[in-house]
Amino acid sequence: MNPMPETLTIKRPDDWHLHLRDGDVLLAVLPYTTRCFARAVVMPNLHPAITTVAAAQSYRERICAAAGTRRFTPLMTLYLNDQFDVAQVKLAKASRIVHAVKLYPKGIATAGQPGVSAIERCYPVFDAMQEHDLPLLVHAEVTDVSVDIFDREGAFIDRSLEPLVRNFPGLRVVVEHISTLEAVRFVEAASSKVAATVTPQHMLLNRNSLFEGGLRPHHYCIPVLKREEHRLAVLAAATSGNPKFFLGTDSAPHLKRLKETACGCAGAFTANSAIALYAQAFEQANALHQLEGFASFHGPDFYGLPRNEDSITLARKPWTVPVEIPVGQGESIVPFRAGHELAWQLME
Ligand code: NCD
Ligand code: ZN
Ligand code: ZN
């Protein structure tokens, strides 16, 4: 019988989907990411959104200033919208700091942000992205209120993603934070140009956890958690060793008072426990040996970037997720699984 491993050393991972925000929140959350990850794909949904290479450049400088002496490479993205300037695609590719364009359908979560109203309108942008080989990252949910919220990912795949990959077979596409069996099947069946990121919460929790003994705002993120059969499909895909699936935490910090309120924001802050959460999920699937590929190899391989050379070590050493993380003067963020014990711990 194989004894359970007590430590696990893997090449240093990267986070291929991360929200860092700005100002005090950026300062508060960034150290949790840099402690574990060498690089992260930084989402552009700020206020105002990052829609130009120039804006991405100055946001990148703020992130690097916040990182100080810690070694960290932010991989910047641009926010696509109906007015998006096609010329930005070529500039982005030439910049070497912008690595993708992010598509949010209009009306998804973050109020007051532009988003894309009809994906076909962006076809000239996709043409340029295909030509310059700049990946498209997709929040794959319809915002049509007549579609049940649990079906919005599947509906987006049928209505928009399937035609998109058919019309742009050379475009690299990442289906972000997949949450359903439909998304798993779509990505598996698509060409090698199509991949997906997977969050720890979609591997570990199903929709019952939204209502566990009461309403749980810290389990609310989008895409919303799904039924157990979907969680199992996402878990199986991520732990299978298939290089189309890789780590993207979607760590999405919101202040405690904006989560614990009558109309709370969507997003789970996982940056401080992400690798421990993933280890737990992989162990649950008897696939700890696949964690390194998912966390450290599949992402850079898809993006055409070198793999990291140094390593991290996890130990089976239970720790308790803090109940709050302080932000600026008197604000705080409640991390995902706050107050819960996790079995794996990232060692310094
Ligand atoms: C994200 C955020 O807060 O920016 N929230 C979330 O629930 N995932 C937005 C997003 O990733 O779509
Ligand atoms: Zn999203
Ligand atoms: Zn996100």
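The structure, a predicted model, holds 12 aromatic pairs; a pair here means rings of Phe, Tyr or Trp (its six-membered ring) with centres within 6.5 Å, called stacked if the planes are under 30 degrees apart, edge-to-face if over 60 and tilted for the rest. Take Trp 16 and Tyr 303: their ring centres are 4.7 Å apart with the planes at 20 degrees, so this pair is stacked. It ties together distant parts of the chain, with Trp 16 in strand β2 (residues 15-18) and Tyr 303 in helix α11 (residues 291-303), 287 residues apart. Helices (H or I, at least four residues) and strands (E, at least two) are DSSP runs, numbered from the N terminus. Trp 16 and Tyr 303 are both buried, where buried means under 20% relative accessible area, exposed over 50% and partly exposed in between (1.4 Å probe, protein chains only).

Phe 246 and Phe 302 make a tilted pair, at 5.8 Å centre to centre and 40 degrees between the planes. This one also links distant parts of the chain: Phe 246 belongs to strand β9 (residues 245-247) and Phe 302 to helix α11, 56 residues apart. Again, both Phe 246 and Phe 302 are buried. Put together, Trp 16, Phe 246, Phe 302 and Tyr 303 form one aromatic cluster.

Rings also meet charges. Arg 207 sits over the face of Phe 150, 4.4 Å from the ring centre, and Arg 337 does likewise over Phe 336, at 5.9 Å. The criterion is NZ of Lys or CZ of Arg within 6 Å of the ring centre and within 35 degrees of the ring normal.

Now for the ligand. Ligand 1 is surrounded by 14 residues, the closest being Arg 21, Asn 45, Ile 222, Asp 250 and His 254; to qualify, a residue needs a heavy atom within 4 Å. By type, this shell splits into five nonpolar, seven polar and two charged residues, with Ala, Val, Leu, Ile, Met, Phe, Trp, Tyr, Cys and Pro taken as nonpolar, Asp, Glu, Lys and Arg as charged, and the others, Gly among them, as polar. Oxygen atoms of ligand 1 come to 2.7 Å from a side-chain N or O atom of His 254, 2.8 Å from one of Asn 45 and 3.1 Å from one of His 19. Taken alone, ligand 1 exposes 320 Å², and the protein buries 98% of that (Shrake-Rupley areas with a 1.4 Å probe; for residues, only the protein chains shown count as cover).

His 19 lies in the loop between β2 and α1 (23-36) and, at 6% relative accessibility, counts as buried. Its side chain makes polar contacts with the side chains of His 17 (3.3 Å) and Asp 250 (2.9 Å). Such a contact is a pair of N or O atoms within 3.5 Å; within protein, one must be able to donate a hydrogen and the other to accept it, and residues adjacent in sequence count only if both atoms are side-chain atoms.

Elsewhere, Arg 231 in helix α8 (residues 228-238) is buried at 9% relative accessibility, and its side chain has a polar contact with that of Glu 228 (2.9 Å). Glu 348, in the segment after β13 (341-346), is exposed at 83%.

As for conventions, residues are numbered from 1 along each chain as its sequence is written, while chains are lettered from A and ligands numbered from 1 in the order written. Local features need pLDDT of at least 70 and side-chain atom pairs 80 or more, whereas totals for chains, interfaces and linings use all residues, and side-chain values use heavy atoms, leaving out hydrogens and water.
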